[in-house]
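Reader: I would like to go through this model contact by contact. Please give me the criterion behind each term.

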Amino acid sequence: RAFSLDIKCNFEEVYLDGSIQQGFFIIKNKKLRYQYYDKNLFTIFHKSDDFFIVKNSQISDFQKINKNTQHIKELLNIASKYPNIKNEYKNSDIQINLERNSDSFFKRISIKSPNLNMSIYLQNCKFYSYHDRYFNYSPYFEFIH
């Protein structure tokens, strides 16, 4: 049986063209907050099987998203299997590889599909249960690290 994965990690996304985006995510019982640090980007929330996006520059502006969520859904599906996570997953046209670090958690996630090819480097991961308010897109609660 899998355990609930309550965790916060900083991340660095690295794309094939060399561009980099940084932020953090928190996961709690299949809820997700995936937030970029860049004020010109956004925060993605997943709660009750729905995805919402909030502009970091205008936190009162949110919208439900239904397209291009398959990569995040797959990552949440993998996280729900914790601690019984394999190093490789293939689902239709998405391939996800996970590299472990010295303490057996993960340091890198690579995602390859026809429309996305990137690596996500995980840093400073902490197992901790965060308050449910941080998974609300409206009202939006600023996350205090």
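Author: Start with Arg33, which lies over the face of Tyr140, at 4.9 Å from the ring centre. This is a predicted model, where local features need pLDDT of at least 70, side-chain atom pairs count only at pLDDT 80 or more, and totals for chains, interfaces and linings use all residues. Residues are numbered from 1 along each chain as its sequence is written, and side-chain values use heavy atoms, with hydrogens and water left out.

Reader: What makes Arg33 count as lying over the face of Tyr140?

Author: A charge sits over a ring if NZ of Lys or CZ of Arg is within 6 Å of the ring centre and within 35 degrees of the ring normal. Arg33 is placed at 4.9 Å from the ring centre of Tyr140.

Reader: Which ring does Lys31 lie over?

Author: Lys31 lies over the face of Phe135, at 5.9 Å from the ring centre. Lys31 is found in strand 3, residues 31–36. Strands (E, at least two residues) and helices (H or I, at least four) are DSSP runs, numbered from the N terminus.

Reader: Why is Lys31 called buried?

Author: Buried means under 20% relative accessible area, exposed means over 50%, and partly exposed is in between (1.4 Å probe, protein chains only). Lys31 has 16%, so it is buried.

Reader: What does Lys31 touch, not counting residues up to four places away in sequence?

Author: Lys31 touches Ile26, His46, Lys47, Asp132 and Phe135. Contact here means heavy atoms within 4.5 Å. With Asp132, the side chain of Lys31 also makes a polar contact of 3.2 Å. A polar contact is a pair of N or O atoms within 3.5 Å; within protein, one must be able to donate a hydrogen and the other to accept it, and residues adjacent in sequence count only if both atoms are side-chain atoms.

Reader: What makes Lys28 and Asp132 a salt bridge?

Author: Side chains of opposite charge can pair when their charged atoms come close. A salt bridge is a side-chain nitrogen of Lys or Arg within 4 Å of a carboxyl oxygen of Asp or Glu. The closest N and O atoms of Lys28 and Asp132 are 3.2 Å apart, so the pair qualifies. The pair links distant parts of the chain: Lys28 is in strand 2 (residues 20–28), Asp132 is in the segment after strand 10, and they are 104 residues apart. Lys28 is buried at 13%, while Asp132 is partly exposed at 36%. Lys28, Lys31 and Asp132 are linked in a network of salt bridges.

Reader: How many salt bridges does the whole structure hold?

Author: The search finds 6 salt bridges. Among them, Glu99 and Arg108 meet at 2.4 Å, N to O. Glu99 is partly exposed at 33%, and Arg108 is partly exposed at 21%. Lys90 and Glu88 meet at 3.7 Å, N to O.

Reader: Why is Lys90 called exposed?

Author: Lys90 has 61% relative accessibility, which is over 50%, so it counts as exposed. Glu88, at 39%, is partly exposed.

Reader: How do you know that Phe52 and Tyr137 are stacked?

Author: Rings of Phe, Tyr and Trp (its six-membered ring) pair if their centres lie within 6.5 Å; planes under 30 degrees apart count as stacked, over 60 as edge-to-face and the rest as tilted. By this rule the count comes to 18 aromatic pairs. For Phe52 and Tyr137, the centres are 3.8 Å apart and the planes are at 15°, so the pair is stacked. Phe52 lies in strand 5 (residues 50–55) and Tyr137 in the segment after strand 10, so the pair ties together parts that are 85 residues apart in sequence. Phe52 is buried at 10%. Tyr137 is partly exposed at 21%.

Reader: What makes Tyr82 and Phe105 edge-to-face?

Author: Their planes are 65° apart, which is over 60, so the pair is edge-to-face. The distance is 6.1 Å centre to centre. Both Tyr82 and Phe105 are buried.

Reader: What makes Cys9 and Cys125 a disulfide?

Author: A disulfide is a pair of cysteine sulfur atoms within 2.5 Å. Cys9 and Cys125 are joined at 2.0 Å, S to S, so they meet it. Cys9 is in strand 1 (residues 7–15) and Cys125 in strand 10 (residues 116–127), 116 residues apart. Cys9 is buried at 0%, whereas Cys125 is partly exposed at 25%.
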